[in-house]
Amino acid sequence: MGNLKLKGKDILKLGYPNNQSVNIALEVMKRNFATKNIHHVKSLLKEILINPEDFEKDLTFGQIAEALLSSKKTEKRMLNTNRASFQIFGNNISDEAKNQLYTALKLPIATQGTLMPDAHSGYGLPIGGVLAVENAVIPYGVGMDIGCRMSLSILDTPVSYLDGAKDKYEKALGEHTKFGMYETHKSHVDHEIFDRDTFDLIPILRRLKGKAIKQMGSSGGGNHFVEFGEVEITEEDAQINLPKGKYLGILSHSGSRGLGAEIAQYYSRVATEQCPLPKEAQNFAWLDLNTHLGLEYWTAMNLAGDYASACHDDIHRRLVKAVGGRVKARIENHHNFAWKEIHNGKEVIVHRKGATPANENELGMIPGSMTAKGFIVRGKGNPDSLNSASHGAGRAFSRGECRNRFTQNDIKKELKLKNVTLMGGNAEEAPMAYKDINEVMNAQSELVDILGTFQPRIVRMDK
């Protein structure tokens, strides 16, 4: 790897103003053109200096162009004294989670917010928090696990096989699912996502591509899982196109792995530098979508979301190949993401951090716990919830509280009672760690219709 011998004084000699644009130009060129001839690099910099407007939207040079076009100082942003409009669904929500939403609602870019009935406190926006803003994206409003999602495959296999051939299904989960930071598959799938030029356009993505290839088809730690269970369709829906009855299903919950985590960390840090806020609001630092960095994060976020989806596809493909059967229906949704949507006649960016999109007639999957039923739902498009619903039952106890409160014996008793086999898992994800999913569903009857349920039977989690 070459080392570009470019200095700040070289850039000043080209006619660059003596301000932040010099440092940015130096960093961008060294990061992207380390092996290139210095004369070539200088001619590129000269081109950007002459016509910065032509490079504003360029993923490589946009940051330099922006610095040249704007010599504005980074000023501390103030919060509004009044909150934007909001609604809270459900009663069993901590004051800490509510206060996090109230702070977000005072951001000058905020237009509307809501809390789902599974809400609990998080970093910045609470888990189960939904926030609409104008023309900006908040990395911590999306969360660390970009594109964390649910995916349910309903098979044509008789559900009785889960008892009759239980060993086969346990073996499939043991051999064909990988969890946590270190487990990866021996054979890597050649997915179209790795051919996308987005990986080459943004330096951080270029660096993370190898890791993304390695982790394809694996799941995270914590509350992520892959499980076989019993699907019951209770209401017929043209999109699912299955008669009422019981089916064997595969349900997975995971996100964009190391790729998403590193994108989140990098752009959260950058946003904090670009957008200083009062201490209580600093995790809400945003990137304006008219800026190069805003566009860069938006592009990276969408790639991470597609990668998360591809990981689930690979998990389900491996398992179906191992156990047999055909997929009759697939229901899936992100629940850590930001979307461009129209609300009150205006385009806004809706952040759902641990919330399921529930636009009118949109299908989704809301899990319970390792022993509790999850629900197949159809959105009602309720504007008060920004067309959203909960993403699960929500935590009743923090991970730390769970370690002190529940023993392996407590978990074993609960698993036996509900006829569930657990592979991996720990006290932090104990069934008792979560709120009652039935209460959560009752609190969002205005947000979704229930079309069916998923009862876990064989659950695999990180050890």
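Aromatic rings in the predicted model

Mentor: In this predicted model, F61 has a relative accessible area of 10%, and because buried means under 20%, F61 counts as buried. F55 is likewise buried, with a relative accessible area of 14%. Searching the whole structure gives eleven aromatic pairs, and among them is the one between F55 and F61, which is edge-to-face, with 6.0 Å from centre to centre and 85 degrees between the planes. Another is formed by Y169 and F228, whose ring centres are 4.9 Å apart and whose planes meet at 80 degrees, so this pair too is edge-to-face. Y169 and F228 are both buried.

Rings also have charged neighbours here. R83 lies over the face of Y102, 3.8 Å from the ring centre, and Y102 is one of the buried residues of helix α5 (residues 95-104), which also include A97, Q100, L101, T103 and A104. The cover over the buried residues of α5 includes β1 (85-88), β2 (110-120) and β3 (127-133). Elsewhere, W339 has the charged end of R352 over its ring, at 4.9 Å from the centre.

Conventions: Residues numbered from 1 in each chain as written. Predicted model: local features only at pLDDT ≥ 70, side-chain atom pairs only at ≥ 80, totals over all residues. Heavy atoms only, no water. Buried < 20%, exposed > 50% of the residue type's maximum accessible area, 1.4 Å probe, protein only. Helix = DSSP H or I, 4+ residues; strand = E, 2+ residues; numbered from the N terminus. Contact = heavy atoms within 4.5 Å. Phe/Tyr/Trp six-rings, centres within 6.5 Å; stacked < 30°, edge-to-face > 60°. Lys NZ or Arg CZ within 6 Å of the ring centre and 35° of its normal.
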